[in-house]
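Hello,

Here is the structure I promised to pass on.

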Amino acid sequence: GQISVAYHSIVNARDQAIVGHEALLRWEHPTRGFISPAIFVPIAEEAGLINQIGDWALHSACAEAANWPAHIRLSVNLSSFQVEGNGLLASVVHALAASGLSADRLELEVTESVFLRQGNNGDEALERLRSIGVSLALDDFGTGYSSLGYLRRAAFSTIKVDRSFVKSAAKGSQDS
């Protein structure tokens with residue numbers, strides 16, 4: 001089996017028009033079937049392979065998105081390990097240049113874990129990405145150690161509130 005990139009449509013709530021697609025890693029194992037990214041991504045991170053996998057996924061997704069209509073955006077998830085590394089900006093610039101996709105059509109999603117690791121240079125890396133025209137999204141907000149302080153640390157264009165947080169808040173949970 002191999003890892004592939006699948007796409008989930010992002011729809012405008014007002015008119016249900018597709019405004020973008022989120023690139024998602026998928027692994028269909030020949031004997032074990034579908035293996036969740038929640039399982040294989042942490043293993044890839046621990047094995048030191050996530051930068052290579054993430055780089056490949058970014059390049060593949062940008063190449064695919066370059067063929068979409070110009071108003072359709074691409075969203076790609078980043079591991080906190082990718083953000084901490086030194087090669088993320090170069091990888092993004094190369095993926096955009098190789099594909100011809102404009103930076104303003106790319107949104108990179110990070111979770112709060114980017115801000116939790118000690119000695120991390122996540123803030124600086126995210127600011128560099130933003131400076132070249134890439135949008136940033138904070139994903140899964142409302143889980144883990146959520147803090148409104150994270151919202152000031154990077155200029156996020158999108159904040160994706162985790163479904164469990166919204167459900168809990170709708171039920172009147174004091175924690176949410």
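A word on naming before the notes: helices and strands here are DSSP runs numbered from the N terminus, a helix having at least four residues. Please also keep in mind that this is a predicted model.

Let me start with the charged pairs. The count comes to two salt bridges. In one of them E124 pairs with R128, and their closest N and O atoms are 2.3 Å apart. Both residues belong to helix 6 (residues 122–131), where they sit four residues apart, about one turn of the helix. E124 counts as partly exposed, because its relative accessibility is 47%, and R128 is partly exposed as well, at 31%.

The other salt bridge joins R130 to E127, with 3.4 Å between the closest N and O atoms. Here the spacing is three residues in helix 6, so R130 and E127 are also separated by about one helical turn. R130 has a relative accessibility of 33%, which makes it partly exposed; E127, with a relative accessible area of 40%, is partly exposed too.

Next, the aromatic rings, where the structure holds two pairs. Y7 is partly exposed, with a relative accessible area of 31%, whereas W68 is buried, at 14% relative accessibility.

W27 and F40 make up the other pair: their ring centres are 5.7 Å apart and their planes stand at 85 degrees, so this pair is edge-to-face. W27 is in strand 2 (residues 18–29) and F40 in helix 1 (residues 37–46), so the parts tied together are 13 residues apart in sequence. At 25% relative accessible area W27 is partly exposed, while F40, at 5% relative accessibility, is buried.

Finally, helix 2 (residues 50–65). At 1.5 Å a residue, its 16 residues should span 22 Å, and this agrees with its end C-alpha atoms, which are 22 Å apart. Which of its residues are buried? They are I50, I53, G54, A57, L58, A61, C62 and A65. Viewed down the axis of helix 2, these buried residues fall within an arc of 155 degrees, so they line one face of the helix.

Best wishes

Notes
Residues are numbered from 1 along each chain as its sequence is written. This is a predicted model: local features need pLDDT of at least 70, side-chain atom pairs count only at pLDDT 80 or more; totals for chains, interfaces and linings use all residues. Side-chain values use heavy atoms; hydrogens and water are left out. A salt bridge is a side-chain nitrogen of Lys or Arg within 4 Å of a carboxyl oxygen of Asp or Glu. Helices (H or I, at least four residues) and strands (E, at least two) are DSSP runs, numbered from the N terminus. Buried means under 20% relative accessible area, exposed over 50%, partly exposed in between (1.4 Å probe, protein chains only). The expected span of a helix is 1.5 Å times one less than its number of residues. The arc is that of the directions from the helix axis to the C-beta atoms. Rings of Phe, Tyr and Trp (its six-membered ring) pair if their centres lie within 6.5 Å; planes under 30 degrees apart count as stacked, over 60 as edge-to-face and the rest as tilted.
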